[in-house]
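Please open the structure in the viewer and keep the selection panel at hand.

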Protein chains: 2
Amino acid sequence: MPREITAFSNPLVKRVRDLRDKRHRRAARQFLAEGLRILTEARETGRIPRLLFYAGQSAGHPLVHALSVEVEAAGGESIQTTPDILSKLSGKDNPQAVVGVFDEFDVGLGDLERDRSGIWLVAERLRDPGNLGTILRTGDAVGAGGLILIGESVDPFSVEAVRASMGALFTVPVVHTDWQSFLDWLRQGPGQLVGLSLDTDQDYRAARYAAPTFLLTGNEAQGMPADYAAACDLLVKIPMLGKADSLNAAVATAVMAYEVIAQQRG
Amino acid sequence: MPREITAFSNPLVKRVRDLRDKRHRRAARQFLAEGLRILTEARETGRIPRLLFYAGQSAGHPLVHALSVEVEAAGGESIQTTPDILSKLSGKDNPQAVVGVFDEFDVGLGDLERDRSGIWLVAERLRDPGNLGTILRTGDAVGAGGLILIGESVDPFSVEAVRASMGALFTVPVVHTDWQSFLDWLRQGPGQLVGLSLDTDQDYRAARYAAPTFLLTGNEAQGMPADYAAACDLLVKIPMLGKADSLNAAVATAVMAYEVIAQQRG
């Protein structure tokens, strides 16, 4: 039977709310995901939350009920609570109907099967959690094999990244590694490393991509280091016709990724 | 001579900080923009802030100095202040070197010259300020004639939208109007209205676009209303190969916009 929590002072509420903070996530190896859409997406990939919080008025919702039953069947706990506590957990004034606490999942380079897809996304020192989530969402849409994060990147399990991913965190494998480990792994098999750069005349539409294509996007403010660019098999640029000569990193990744899959799909 | 403000309690600090709030922006018809990059972009398009705040340690920076001189020459006021007050104004822990207060600018449909560009962006009921700013930034990159916002859309002068636009708010005209006024204006001249939709089999890469193309993106959660879709000359879809069947609105707009300009540039 679902437990009920209505007191802000409940220690579980505090512990779960603390998962909004990276330090606490690291210690607990757990993270928060909100919303029926994202939790349903998670469930379809076999990820069931350890804890499920839902507002009393959502108890009759068939998806909430189904989730709740599955959480309990999997040994987790389903907790009926108040909209105010959901707000506190999610940090939003208008909270979603459900908040789930999931175990973090750890994917290494060795877990990736490069034959799985003709396109892989690689981002180095990504700073903005919204960009990370949006890139994951695009990764899902283009059928990317995964997202490989290089160096000091923002945490994919942050609330903002999970939210922006719209559930793609559960469908697109994310690996966090360093540049040398990535290169070593990459060169053990087929793979064209394509870097997005402003310092080339090669238009991204005129270039030809070979599967599997590994699409490398650099840091939002600085782009990628020169030695990363030098290690690429191909550097391409997206034309910019305006005054600013810059695109959002998630946008640039998506424009590139759709060109790659358009070519690969013929 | 620049004035100096070091007291949080200074009424000007409160008034400027209030511009982070939409209600106060509406009343004052002014907005905030932060950062040397964005303010320099603004200056290059002839937009000089009414008020310029900069931290004392930035006073020697040549761009800050140049801005400061121009602000005073234009009858505005340049104010030296502390990093803490800049933080308070911008709402960020690590504030930019400068914060400017600009008069809002008002562009109407009648001000747009449709021959100015082969591509125009149209978004209806856009909810997320980050998406709006990112779409403006993309608009700058593809050389769009402008962004036309339809219906209840987020405020382009919000701090988050200005920030995400990276200065494109100053380079890309933004018009806010209603659907019927837009349609009436559109049909007074040439223009292909292309709607992004999930309810069509027409692949966006196989479609042919006629300049000027008006690219319509619907609300983030709901897409566009059926009668908007019916008014389009062409509906196209971006293929989605993953589980979620959705893309971020700014990403979808960019993927479309780059296809349109690729065709138009031959």
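How many residues of chain A are in contact with residues of chain B? In this predicted model, 28 residues of chain A are in contact with 28 residues of chain B.

Select next the side of chain A that touches chain B. The elements of chain A that give two or more residues to this side are helix 6 (129-142), helix 8 (168-171) and helix 11 (249-264). Helix 6 of chain A gives the most, with seven residues. Colouring this side by residue type shows 14 nonpolar, nine polar and five charged residues.

Now display both chains together. Chain A is superposed on chain B by a rotation of 180° with 0.0 Å of shift along its axis (RMSD 0.0 Å). That is the relation of a two-fold axis. Of the interface residues of chain A, 100% are also interface residues in chain B, so the copies meet through the same surface.

Move on to B:Thr138, which is placed in helix 6 (residues 129-141) of chain B. Is this residue buried or exposed? B:Thr138 is buried, because 30 other C-beta atoms lie within 10 Å and 20 or more are enough for that class. Beyond its neighbours within four places in sequence, B:Thr138 is in contact with A:Leu247 and A:Val251, and also with B:Ala250, B:Thr253, B:Ala254 and B:Ala257.

From there, select B:Ala257. Residues up to four places away in sequence aside, B:Ala257 touches B:Thr138 and others, including B:Ile119, B:Leu121 and B:Leu215. Finally, show the largest nonpolar core, which has 165 residues. Those with the most contacts inside this core are A:Leu215, A:Ala257, B:Leu215 and B:Ala257.

Definitions and conventions:
Residues are numbered from 1 along each chain as its sequence is written. Chains are lettered from A and ligands numbered from 1 in the order in which they are written. This is a predicted model: local features need pLDDT of at least 70, side-chain atom pairs count only at pLDDT 80 or more; totals for chains, interfaces and linings use all residues. Copies are superposed by least squares on the C-alpha atoms of residues with pLDDT of at least 70 in both. Two residues are in contact if their C-beta atoms, placed from the backbone, lie within 7 Å. A nonpolar core is a set of buried Ala, Val, Leu, Ile, Met, Phe, Trp, Tyr and Cys residues joined through C-beta atoms within 7 Å. A residue is buried if 20 or more other C-beta atoms lie within 10 Å of its own, exposed if 12 or fewer, and partly exposed in between; C-beta atoms are placed from the backbone. Helices (H or I, at least four residues) and strands (E, at least two) are DSSP runs, numbered from the N terminus. Ala, Val, Leu, Ile, Met, Phe, Trp, Tyr, Cys and Pro count as nonpolar, Asp, Glu, Lys and Arg as charged, and the others, Gly among them, as polar.
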